[in-house]
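Colleague: I have a model open and would like to learn how to read its features. Could you walk me through them?

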Amino acid sequence: MATRRQILNSALWGTILAVTMQFPSVRAAFAVTGKIKRSDAEWRKMLSEQQYDVLRQEGTETAFTSDLLHEERAGNFTCAGCDLPLFSSKTKFDSGTGWPSFWAPLDNAVITKTDNSYGMARTAVECARCDGHLGHVFNDGPQPTGLRYCMNGVAMKFAAAAA
C-alpha cells in the first residue's frame, strides 16, 4: 500500500511532467544537459564587444548589418556563445525586417521568456545551453508554424552542411 508521502510525490512529479509537456520552452530547459555558465569576465574575453552586448546584455544589432542575413547555404545556425545548433537553414526565410528570420528552431535549442522592455510585451529567445540572448519571436511568420524567430545575426555563427 502506498504511503501518503509516495502519493504526494507521485502527484508532484506528474504535475511537473504535465507542465513540461505543455510548454515547449520549459520542456527544452529540462531536456538540455550541460548548461554552460561563465563569469562576466570570461564572456567578455571570448566574445566581441557586439556579441557581448547582444548575447549577455540583451542588446540588438543594427538591422541589415548581419552577414548571416543573406546566408543561403545548407547548414545550421549555431550560438556564437556556445556553438549549440539553433536553427536549420531549411527554416530560414526573408522576413524583410533586416534580421535573419526562421519559422522554427531545432528541437531543445532555445528557451523563451517574457520581455517587457521598452514599454512593450515581447517574447525573448535565448540559447538553451548558455542562456545567451538571441532575439525575439513573433506571431507573424509563415506556415507551418506562423512564427517569426527574428534573430540577431551577431549572436549566431553558420556551420555549412558537409558536401
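**Reading the fold and its core**

Modeller: Gladly. Of the contacts in the chain between residues at least 6 apart in sequence, 54% join residues at least 24 apart; contact means heavy atoms within 4.5 Å. This is a predicted model, in which local features need pLDDT of at least 70 and side-chain atom pairs count only at pLDDT 80 or more, while totals for chains, interfaces and linings use all residues. Residues are numbered from 1 along each chain as its sequence is written, and side-chain values use heavy atoms, with hydrogens and water left out.

Colleague: How many helices and strands are there in the chain?

Modeller: Helices (H or I, at least four residues) and strands (E, at least two) are DSSP runs, numbered from the N terminus. Here the chain has four helices and nine strands, and their order from the N terminus is α-α-α-α-β-β-β-β-β-β-β-β-β.

Colleague: What percentage of the residues count as buried?

Modeller: Buried means under 20% relative accessible area, exposed over 50%, and partly exposed in between (1.4 Å probe, protein chains only). By that rule, 39% of the 163 residues are buried. The accessible surface of the chain comes to about 9700 Å², with 54% of it belonging to carbon and sulfur atoms; such areas come from the Shrake-Rupley method with a 1.4 Å probe, and for residues only the protein chains shown count as cover.

Colleague: Which residues have the most contacts inside the largest nonpolar core?

Modeller: A nonpolar core is a set of buried Ala, Val, Leu, Ile, Met, Phe, Trp, Tyr and Cys residues joined through side-chain atoms within 4.5 Å. The largest one has 27 residues, and Leu86, Phe87 and Leu134 have the most contacts inside it. At least two residues come from each of helix 4, strand 1, strand 2, strand 6 (122-127), strand 7, strand 8 (148-151) and strand 9 (156-160). Helix 4 gives the most, with three residues. As for Leu134, its contacts beyond four places in sequence include Leu55, Leu86, Val110 and Met151.

Colleague: Which residues of helix 4 are buried, and what do they pack against?

Modeller: An α-helix has 3.6 residues a turn, so residues three or four places apart point the same way. In helix 4 (residues 49-57), the buried residues are Gln51, Tyr52, Val54 and Leu55. They pack against helix 3 (40-46), strand 1 and strand 7 (133-138). Just after helix 4, Glu58 takes a positive phi of about 60°. Glu58 is also among the residues touched by His133, as are Val54 and Leu55. His133 lies in strand 7 and is buried, at 2% relative accessibility.

Colleague: How many aromatic pairs does the structure hold?

Modeller: A pair of aromatic rings is described by the distance of the centres and the angle of the planes. Rings of Phe, Tyr and Trp (its six-membered ring) pair if their centres lie within 6.5 Å; planes under 30 degrees apart count as stacked, over 60 as edge-to-face and the rest as tilted. There are four pairs here. Phe77 and Phe102 are edge-to-face, because their centres are 5.0 Å apart and their planes are at 65°. That pair links distant parts of the chain, with Phe77 in strand 1 (residues 75-79) and Phe102 in strand 4 (residues 101-102), 25 residues apart. Both Phe77 and Phe102 are buried. Phe87 and Phe102 are stacked, at 4.3 Å centre to centre and 20° between the planes. Phe77, Phe87, Phe102, Tyr149 and Phe158 form one aromatic cluster.

Colleague: Which charged ends sit over the ring of Trp43?

Modeller: A charge sits over a ring if NZ of Lys or CZ of Arg is within 6 Å of the ring centre and within 35 degrees of the ring normal. For Trp43, the charged end of Arg38 is 4.8 Å from the ring centre, and that of Arg56 is 4.1 Å from it.

Colleague: And how many disulfides does a search of the whole structure find?

Modeller: A disulfide is a covalent bond between the sulfur atoms of two cysteines; the cut-off used is a pair of cysteine sulfur atoms within 2.5 Å. The search finds zero. For Cys82, the nearest cysteine sulfur is that of Cys127, 3.5 Å away. For Cys130, the nearest is that of Cys79, at 3.6 Å. Cys82 is buried, with a relative accessible area of 8%, and Cys130 is buried at 1%.
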